[in-house]
Amino acid sequence: MMALCLSVRCVKALENRTWRCLTAFRRSRQSDAGRQDGRWERVVGLEVHAQLCSKSKLFSGSQVQFLAPPNSLVSFLDASLPGTLPVLNKHCVEGAVKTALAVNCTINKRSTFDRKHYFYADLPVGYQITQHRCPIAVSGNLAYNLCVGKRHVIPKFVRIKQIQLEQDSGKSFHDDVRTQTLIDLNRSGIGLIEIVMEPDMCCGNEAEAAVRELQLILRTLGTSHGNMSEGQLRVDANISVHRPGEPYGVRTEVKNINSARFLARAIDYEIQRQIEILENGGKILNETRAFDYKSGQTIFMRDKERKQDYRFMPEPNLPPLIIYDNETLPSNVNPHQVVNIDYIREQLPELPNVKRRRLVEKYGILVEHSFTLMNEDGLVQFFESVVEQTQASPKKVIGWVINDFVALLKQNNLRVNQSPIRPTDMSEILNLLENGCITSFSAKQVLTELWKNKGKTATQVVELKELGLIKDQKKLEQMCQCVIEDHPEEVSEIQKGNWKVINKLIGQVQKASRGRTSPTLVEATLEKKLFQRCNHRNED
Amino acid sequence: MPGCGPSVARCRCQRGGFLSAPRLVGLPEERGRPTATWRMGRCPDGGGARWGTRVPKTPTWTLTEHNQSPEVSMEMIDHLECLALVDFRNQEGVQRLASAIQFANQLHVVDTEEVEPMDSVLENRPLYLRADEVTDGDCTEAVLSNARQAVEEYFVAPPEVRGDLACRILH
């Protein structure tokens, strides 16, 4: 009865509050290692579409470029004009094979193309050429790492069902002013690889970690830029829940997710939504939902109850794609027409997880540090150059690189290759620190100074700004004396026996000397002076 | 077509001749088997050559009766209409559909046990792989010239058959 009296706004407010309470409840209860919280098993599967990095499109010779005047990168094939035929791009095939090898897939040496029919304004030909029956690669696995808390990292696997080559569709924009839909076919025909994963994941965090790892792999291989915000990597999540021991529940598909972080939120929201409905005795409908990042909720998009019939048929204009390896390679074939799996495998660059393991073993850094190093483009090279040129141990270097250097990069919104500080500068600062010429506080100041003024060396800055360590014992004693005289209360506290207060005095000396004193030396001097004072007092 | 008989198919071969389909001229014996000859007739602009063919004069197969009438329900019609955007909503349409399905169902009589389906006669030809170079595109005017309506170099899509606002979020 009460519900009827509430206005729409109140209901919405209540919904939001319930959602926020549930979120807090969920966070406190979420077990990252397991898929159940005792009552429900969560099942999450991902379908990832990655745009291939190539100069021309998959089946036509038009250019691939992100921002270009509308319909300027469209050939007659992309515009679906009759009398045109698709011709497969070799680079795209190699890209698909590289990706498949990186995730341990079995390459199908013979794969075929199919047509997937559906009507939509941005698909003028009415079908998409894809690989439905016999894709280019099957049965792989993606190894990723789930970060739990700040220090703990759990290795995980997700099985990959298949990888296939397909075409992208055009883009449609809704013009509200004239209430019409405008179509730009620049994107139509660009090569995509679809990576279908098995439903092995159970929460948003796992999906996010898997997608981030996939992005890193794609970027390392050079197959795709993997930028979710630019639409180069599109992820659709299939989510369902069921009681332990029962068969899988009805699943819903969530689309329109444009960052890894939103992916985690969308999945968690959808899981909660489904659990709530089922616990209240409702039924989940097989539908497609869109994620609205502003409200953090998934909203209904279209009904999938009546299963969309894509009327798959073999693409008659394309014979099967044959891929060779060293054993099956025929001798009389044109090398430009050959995609050789073994050759591509030899050319594969060092994959991210191998690189991380090598960094940890070689430099003795923590696993989380290796993650941070890999996440910034060029940071690994920077770190390795600094370690080479400095006497400081890698464990010390890593702290400076990850905390101070990266902080400066983030503050100024720069990438590693745009940084005004070179590895030589960094290593010079660390050498000065190792040799005891400056304190770590001064070192930070030098770093900031060098950031602002290119062209100076660290030693020059230290001299100019007088940041060198005060080694003169007399001067030190003078400073300590001043501080002791200025702080009689603290001194009396110490003389009563509360030695911890000496830290405050050390701090004062540091402040007075602008961080140019070594704390241990200061403490020793202060202790000596106070001891002398004590003795004087006793003698009095 | 001017200058041709009533039952002649025009051949689009580059030699500029035409095939006279039903007029079988002569039956030269070849290896003991009768073959039909398709003669290239003369076109006003020249050409002409003789072709041989192994297509038999009389059919080697017989028609089998396949009387089972297919079940065509209203749900199926709705579904097919949605997919193919064709209007079946009259009795004539339903009957035509039923007879079309019946005609096609004759294929089920053929025994295809343990036979790999053939997608294309090109299945033993190698698939040509193109080098990754930009050789096309940059013809906005030509591409837009076919559009019924264009706005600032965008195509204007026709009004949606199934209005689905949420679909637009995708793109």
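## Salt bridge across the interface

A salt bridge is taken here as a side-chain nitrogen of Lys or Arg within 4 Å of a carboxyl oxygen of Asp or Glu. In this predicted model, that rule finds 1 salt bridge across the interface of chain A and chain B. The side chains that meet in it belong to Arg133(A) and Asp119(B), with a distance of 3.1 Å from N to O.

## Extent and make-up of the interface

The interface brings 64 residues of chain A into contact with 44 residues of chain B, and the two chains bury about 4600 Å² between them, with 59% of that area on carbon and sulfur atoms. Polar contacts across the interface of chain A and chain B amount to 18 residue pairs, counting those with both residues at pLDDT 80 or more.

On the side of chain A that touches chain B, at least two residues each come from β2 (88-89), α3 (90-102), β9 (171-175), β10 (180-184) and β15 (297-303) of chain A. The element that gives the most to this side is β10(A), with 5 residues. Sorted by class, the side of chain A that touches chain B holds 30 nonpolar, 20 polar and 14 charged residues.

## Strand pairing between the chains

Strands of a sheet pair through backbone hydrogen bonds, in either a parallel or an antiparallel manner. An open sheet of 4 strands contains strands from both chains, in the order β9(A)-β10(A)-β8(B)-β7(B), and its pairing is antiparallel. Because β9 of chain A and β7 (150-151) of chain B stand at the edges and have a single partner strand each, one side of each is left without a neighbour in the sheet.

Within this sheet, the step from chain A to chain B is made by β10(A) and strand β8 (residues 154-156) of chain B, which run antiparallel and are joined by 2 bridges; Ile183(A) has Phe155(B), in β8(B), as its bridge partner. Another pairing between the chains is parallel, with 2 bridges joining β2(A) to strand β6 (residues 129-130) of chain B, and here Leu88(A) stands opposite Leu129(B) in β6(B).

Chain B has 4 helices and 8 strands, and from the N terminus on its elements run β-β-β-β-β-α-α-β-α-β-β-α. Of its 171 residues, 22% count as buried. Among the contacts in chain B with a separation of 6 or more, 31% are between residues 24 or more positions apart.

The loop between β7 and β8 of chain B contains Glu153(B), a residue that has a positive phi of about 70° although it is not a glycine. Glu153(B) counts as partly exposed because its relative accessibility is 39%, which lies between the cut-offs of 20% and 50%.

Trp451(A) is located in helix α12 (residues 440-452) of chain A, and it counts as buried because its relative accessibility is 9%. Beyond its neighbours within four places in sequence, Trp451(A) is in contact with Phe405(A), Leu408(A), Leu409(A), Asn412(A), Leu414(A), Ser419(A), Pro420(A) and Ile421(A).

Asn413(A) is placed in the loop between α10 (394-411) and α11 (423-434) of chain A. Its relative accessibility of 69% is why Asn413(A) counts as exposed, and its phi is positive, at about 55°, although Asn413(A) is not a glycine.

Technical notes:
Residues are numbered from 1 along each chain as its sequence is written. Chains are lettered from A and ligands numbered from 1 in the order in which they are written. Side-chain values use heavy atoms; hydrogens and water are left out. Contact means heavy atoms within 4.5 Å. Buried area is the accessible area (1.4 Å probe) that two parts lose on being put together, summed over both. A polar contact is a pair of N or O atoms within 3.5 Å; within protein, one must be able to donate a hydrogen and the other to accept it, and residues adjacent in sequence count only if both atoms are side-chain atoms. Ala, Val, Leu, Ile, Met, Phe, Trp, Tyr, Cys and Pro count as nonpolar, Asp, Glu, Lys and Arg as charged, and the others, Gly among them, as polar. Two strands pair if DSSP finds at least two bridges between them. Buried means under 20% relative accessible area, exposed over 50%, partly exposed in between (1.4 Å probe, protein chains only).
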